[in-house]
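This briefing walks through one protein model, topic by topic. Please keep the sequence and the 3D view open while reading, and find each named residue as it comes up.

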Amino acid sequence: MAKEIIFLLTHRIDDVILNNIRKINREKGARDFAVLVHGEKDTSDLEVPVYHFSLDQLKVQKFKMLEEGSMFSSVHLAFLYFFKKIPDYDHYWFIEYDVEFGGKWCHLFDTFVNSHADFISSYIQPYNENEYWPWWGLDHPKKKIPVSSRIRSFNPIYRVSKEALKFLCEELKTGWVGHHEVMLPTLLHKNDFKLLDLRGDREFGNSEYPNFYRENAHFPTSDDRFLKLGSLRYRPAMKKAGSKNIIYHPVKMDMGLSRFEETVYQLSLLKKKMKRFF
């Protein structure tokens, strides 16, 4: 069996996040688990390994950041930093603090334990499927990848192989700069690493696997450029996870939609979509 570790990244600690951390720890199966905390937060209630870090520590890696002083578009820097400190695993799961799973986490992790995919994420798609996505920019001082050849993904939760992480650590040193959701899948795909979507019925999916998130019903238009539908999306937040064996993001009790509000919201977007056809 492949040796795996799960990293959960957070910049805040509250009861909802603590409960999710405890749930992952109970349901992780034969894997190690650690929490990566941005800043000096009180983690005394956690019963798992905790690693604190600062933005200055990440900058020591000398990778270029798209937005200097912000981790928003460069979340991968934290994962690469801790990969280099803990390099002995075959697969690394990276999960953001506001991702929840409507089932036992081991079901998700175990599903892919024998997969040889180097990068498992969601909404993996080429430029021509979603040209209105705002983060297609990808620059390098000497190299160039045409925008038409770029791949994007949605990365609140993803798995990467050791080989892919080693490659990324070396390749990013050469000067690549871009949003992590275009840079990681594009560089890996261009260099023959295997990509796999968490939905089996998508272009980069495999029908042998279940669909682990609800589709966003595609809104690839200039006025609806962000993921707004489905269980795994950019916004708005939900108060809690729902159906069994589905990934949910973002889940935020203090600002999320209730189940009723979520239903009304989804229906309003579907109605808006239907108007385009009549």
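This is a predicted model: local features need pLDDT of at least 70, side-chain atom pairs count only at pLDDT 80 or more; totals for chains, interfaces and linings use all residues.

Of its 278 residues, 53% count as buried, and among the contacts with a separation of 6 or more, 67% are between residues 24 or more positions apart.

**Strand E6 and its two partners**

- Strand E6, which covers residues 119–126, pairs with E10 in the parallel sense over three bridges, and a further pairing to find in the view is that of Ser-121, whose bridge partner in E10 is Asp-197.
- Strand E6 is also joined to E8, this time by five bridges and with the two strands running antiparallel; here the bridge partner of Phe-119 is Val-160 in E8.
- As a general point, the strands of a sheet pair through backbone hydrogen bonds, and they may do so in either a parallel or an antiparallel way.
- Strand E6 is mostly covered, since eight of its eight residues are buried, where buried means under 20% relative accessible area.

**The sheet as a whole**

- The open sheet contains seven strands in the order E3-E2-E1-E4-E8-E6-E10, and the pairing within this sheet is mixed.
- At the edges stand strand E3 (50–53) and strand E10 (195–197), and because each has a single partner strand, one side of each is left without a neighbour in the sheet.
- From one strand to the next, the twist of the sheet averages 35°.
- Strands E1 and E2 run parallel and are joined by six bridges, with Leu-9 standing opposite Leu-36 in E2.
- Strand E2 has seven residues, and five of them are buried, so this strand is largely enclosed by the rest of the structure.
- Helix H1, made of residues 15–27, lies across strand E1 (4–10), strand E2 (32–38) and strand E4 (91–96), and it runs at about 180° to E1.

- Helix H5 (residues 162–172) is largely enclosed by the rest of the structure, because eight of its eleven residues are buried.
- The buried residues of H5 include Ala-164, Leu-165, Phe-167 and Leu-168, and also Lys-162 and Glu-171.
- Among the elements that cover these buried residues of H5 are helix H3 (76–85), E4, E8 and H6.
- Helix H6 is likewise largely enclosed by the rest of the structure, because nine of its eleven residues are buried; His-180, Glu-181, Met-183 and Leu-187 are among them.
- Just after H6, Asp-192 takes a positive phi of about 70°.

**Trp-176 in its loop**

- Trp-176 has its place in the loop between H5 and strand E9 (177–178).
- Is Trp-176 buried or exposed? Its relative accessibility is 3%, and because a residue under 20% is called buried, Trp-176 counts as buried.
- Leaving aside the neighbours within four places in sequence, the residues in contact with Trp-176 include Lys-64, Asp-139, His-140, Lys-143 and Ile-145, together with Glu-171, Met-183 and Leu-187.
- Leu-138 is also in contact with Trp-176, and although these two residues are 38 residues apart in sequence, they are 7.2 Å apart in space, C-alpha to C-alpha.

**The largest pocket**

- The largest pocket has a volume of about 750 Å³.
- Which residues lie closest to the centre of the largest pocket? Of the 30 residues that line it, the closest are Phe-72, Glu-96, Asp-98, Tyr-234 and His-249.
- Strand E1, strand E8 (151–161) and helix H6 (180–190) are the elements that give two or more residues to the lining of the largest pocket, and E8 gives the most, with three residues.
- By kind, the residues of this lining divide into 17 nonpolar, six polar and seven charged.

Key. Residues are numbered from 1 along each chain as its sequence is written. Side-chain values use heavy atoms; hydrogens and water are left out. Two strands pair if DSSP finds at least two bridges between them. Helices (H or I, at least four residues) and strands (E, at least two) are DSSP runs, numbered from the N terminus. Axes are lines fitted to C-alpha atoms, for helices over the stretch in contact, and angles run from 0 to 180 degrees between N-to-C directions. Contact means heavy atoms within 4.5 Å. On a 1 Å grid over the protein atoms alone, a cavity is a set of points where a 1.4 Å probe fits but cannot get out, and a pocket is an open set with protein on both sides within 12 Å along at least five of seven lines; lining residues have an atom within 4 Å of a point. Grid points are joined across faces, edges and corners, and a volume is the space filled by probe spheres set on the points. Ala, Val, Leu, Ile, Met, Phe, Trp, Tyr, Cys and Pro count as nonpolar, Asp, Glu, Lys and Arg as charged, and the others, Gly among them, as polar. Buried means under 20% relative accessible area, exposed over 50%, partly exposed in between (1.4 Å probe, protein chains only).
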